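Keep the picture open while you read.

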Amino acid sequence: MTPVAERVAALERVLKAKGLVTDEVIDSIVEMFSQMGPMNGARLVARAWVDDEFRQRLLADGKAAAVEMGFAGPEGELVVVENTDATHNVVVCTLCSCYPWAVLGLPPRWYKSPAYRARMVREPRTLLREMGLDVPDAVEVQVWDSSAEKRFLVLPQRPTGTESLSEGELAERVTRDGMVGVAQV
Amino acid sequence: VTADLEADRPFDEPWQPRVFAMTQALLETTGLDREEFRSRLVMSIADDPKRPYWESWLEALERLVAQTGVADIDELARARELH
């Protein structure tokens with residue numbers, strides 16, 4: 001075992017001895033989180049694209065709309081921010097790694113990196129361009145800084161030419177990066 | 001959803017999902033506010049920005065356990081020495 005793995009094992013023994021955690025609970029939490037992922041967020045986005053009343057509920061109270069679709073998590077408020085022709089939204093957690101687990105799963109490595117956390121606030125357009133997204137000058141970039149209590153999901157614009165697609169087919173088009181705001185859908 | 005999902009999985013080593021799940025379990029059983037953990041994670045990352053993310057997470061969890069009286073530092077040290 002590596003030294004850090006030993007530290008984890010030692011902590012685990014102490015917490016188990018106190019009855020605060022058990023293998024069953026740890027396994028069930030790992031399992032629960034494996035069910036959370038961008039496929040959940042993609043279903044919210046696709047539903048919002050085809051059902052305007054759902055879209056309004058999603059924008060008014062993201063957490064309630066996510067729970068309505070069966071996606072509940074331990075986090076606090078979920079705020080859904082909508083991309084328009086005038087505004088592009090992008091999400092960051094400048095201090096640590098807050099992320100909407102129930103709808104996107106656990107964050108990828110780059111989201112937790114010091115470079116992303118610092119630069120997305122300081123020079124969002126430059127960083128977005130490096131990540132492959134060129135936001136036109138006429139479009140305002142709005143950066144949302146997450147916290148433990150408030151986490152964000154971007155509602156991307158529905159791509160043109162998708163009028164004939166079903167809700168399920170639309171959900172397959174939605175990407176995690178699109179819902180963080182570092183890519184277009 | 002995207003092709004790169006495999007490439008940036010949230011965990012690299014088996015202890016990482018365990019330390020994550022332990023944190024969630026502990027917050028649940030003790031009723032500690034999530035902010036108690038989050039504030040320590042923020043400090044732990046700020047203390048050593050180059051340290052790998054999950055090691056900062058572990059450091060924050062150890063501090064939470066010691067500073068909220070769940071277990072004391074000596075107890076944690078002994079648990080390490082015993083094995």
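## The second largest cavity

The second largest cavity holds about 90 Å³ of space. This is a predicted model, where local features need pLDDT of at least 70 and side-chain atom pairs count only at pLDDT 80 or more, while totals for chains, interfaces and linings use all residues; side-chain values use heavy atoms, with hydrogens and water left out. Residues are numbered from 1 along each chain as its sequence is written, and chains are lettered from A and ligands numbered from 1 in the order in which they are written.

What counts as a cavity here? On a 1 Å grid over the protein atoms alone, a cavity is a set of points where a 1.4 Å probe fits but cannot get out, and a pocket is an open set with protein on both sides within 12 Å along at least five of seven lines; lining residues have an atom within 4 Å of a point. Grid points are joined across faces, edges and corners, and the volume is the space filled by probe spheres set on the points.

Thirteen residues, or 13 in figures, line this second largest cavity, and A:Lys63, A:Glu75, A:Gly76, A:Leu78 and A:Ala102 lie nearest its centre. In chain A, α5 (62–68), β1 (77–82) and α6 (101–104) each give two or more residues to that lining. (Helices are DSSP runs of H or I with at least four residues, strands are E runs with at least two, and both are numbered from the N terminus.)

## The largest cavity

The structure has two cavities of 30 Å³ or more, and about 190 Å³ of space lies in the largest one. Which residues sit nearest the centre of the largest cavity? They are A:Trp101, A:Arg151, B:Phe37, B:Leu41 and B:Trp57, out of 20 lining residues.

On the chain B side, α1, α2 (34–47) and α3 each supply at least two residues of this lining, and α2(B) gives the most, with four. Sorted by class, the lining has 14 nonpolar, two polar and four charged residues. (Ala, Val, Leu, Ile, Met, Phe, Trp, Tyr, Cys and Pro count as nonpolar, Asp, Glu, Lys and Arg as charged, and the others, Gly among them, as polar.)

## The second largest pocket

Now for an open space: the second largest pocket contains about 270 Å³. Its lining has 19 residues, with A:Arg109, B:Arg51, B:Pro52, B:Tyr53 and B:Trp54 nearest the centre. The top contributor is α3(B), with four residues. By class, you'll find eight nonpolar, three polar and eight charged residues in this lining.

## Where the chains meet

Chain A brings 45 residues to the contact and chain B brings 44, where contact means heavy atoms within 4.5 Å. About 4,000 Å² is buried between them, and carbon and sulfur atoms give 67% of that. (Buried area is the accessible area, with a 1.4 Å probe, that two parts lose on being put together, summed over both.) In chain A, the residues losing the most area to chain B are A:Arg7, A:Leu11 and A:Arg109, together 16% of what that side buries.

## Salt bridges

Over all chains, the structure has 20 salt bridges, each a side-chain nitrogen of Lys or Arg within 4 Å of a carboxyl oxygen of Asp or Glu. Seven of these cross the interface of chain A and chain B.

One pairs A:Arg7 with B:Glu62, whose closest N and O atoms are 2.8 Å apart. A:Arg7 lies in helix α1 of chain A and B:Glu62 in helix α3 of chain B, so this pair joins two chains.
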